Amino acid sequence: MVVPPDRVAPVDGPGIFISFEGGDGVGKSTQARLLGAWLGEVTGRDVVQTREPGGTPLGQVLRDAVLHGDHVDPRAEALMYAADRAHHVATLVRPALERGAVVVTDRYLDSSVAYQGAGRELAPDEVERISLWATRGLLPDVTVLLDADPVLAAERRASVEGKGALDRLESVGAEFATRVREAFLDRATAEPDRWVVVDATGTVDDVQSQVRVDVAARLGLGADQVARGRGNVS
Ligand code: TYD
């Protein structure tokens, strides 16, 4: 990925920025919440748990419009996710990182590249550039990909949540979901320093244990720090 230097505004503060990515129904929200709580314990930092789209009041409006509104043109849709992200980063994520917090977000820029890019009408690199512009180049320290076969994930969602109305993207089907999965896996392979890939098909506790091991290694947390957070996983 090429980011023009004048577009990059990295956070200088000592915060830790983690994103969770994956297809619909792979358990991102639960795993993100558990990791955030654990990182708070082991690092002693404040933890900010958030999500995209919809991590801010304006983001909630955009989330409702993009997920539950009328059909949105693909370019408009990409810009709505980017607008949500720009506001989220400027008003919540970056200030939290600047005061040294751990920020754990359920989805970030890679969701736009995977989902909007997988729709075939938009080029993934263009979608990425829009988000990099929107966020002034802010990338997570670690991105956790919870990987699962989308058909298994859909079955799990149906049985666990007894879910009724599917949102627009969820209803598009298995072929789209498979392209999204492949896009995430390709990005993880292309940028191994940022990504950890965890098999999401195990129990909540098993998946969380693996997420903790991989994130701790990536953040360079010492064994003494990690031991402080040992306890029940969920
Ligand atoms: P999310 O609330 O994470 O739903 P789930 O828990 O089912 O995964 O995301 C809502 C939907 O928004 C999801 O189908 C993916 C989509 N999405 C995009 O298409 N582009 C984006 O940039 C983001 C952040 C989400």
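Helix 1 passes helix 8 in a right-handed crossing, a term used when the near helix is turned clockwise from the far one by less than a right angle. The model is a predicted one, in which local features need pLDDT of at least 70 and side-chain atom pairs count only at pLDDT 80 or more, while totals for chains, interfaces and linings use all residues. Residues are numbered from 1 along each chain as its sequence is written, and side-chain values use heavy atoms, with hydrogens and water left out.

**Helix 1 and helix 8**

- The axes of helix 1 (residues 28–43) and helix 8 (residues 204–219), which are lines fitted to C-alpha atoms over the stretch in contact, come within 10 Å and cross at roughly 50°.
- The contact (heavy atoms within 4.5 Å) includes Leu34 and Trp38 of helix 1 and Val211 and Arg212 of helix 8.

**Helix 4 and helix 7**

- The axes of helix 4 (residues 109–118) and helix 7 (residues 174–190) come within 9 Å and cross at roughly 135°, which makes helix 4 oblique to helix 7.
- The crossing of helix 4 and helix 7 is right-handed, and among the residues making the contact are Tyr115 of helix 4 and Phe184 of helix 7.

**Around the ligand**

- A polar side-chain atom of Arg63 lies 2.8 Å from an oxygen atom of the ligand.
- For Arg107, an N or O atom in the side chain is 2.7 Å from an oxygen atom of the ligand.

Terms used: Axes fitted to C-alpha atoms, helices over the stretch in contact; angles between N-to-C directions. Helix = DSSP H or I, 4+ residues; strand = E, 2+ residues; numbered from the N terminus. Polar contact = N/O pair within 3.5 Å; in protein donor to acceptor, adjacent residues only side chain to side chain. Parallel < 35°, antiparallel > 145°, perpendicular 65-115°, else oblique.
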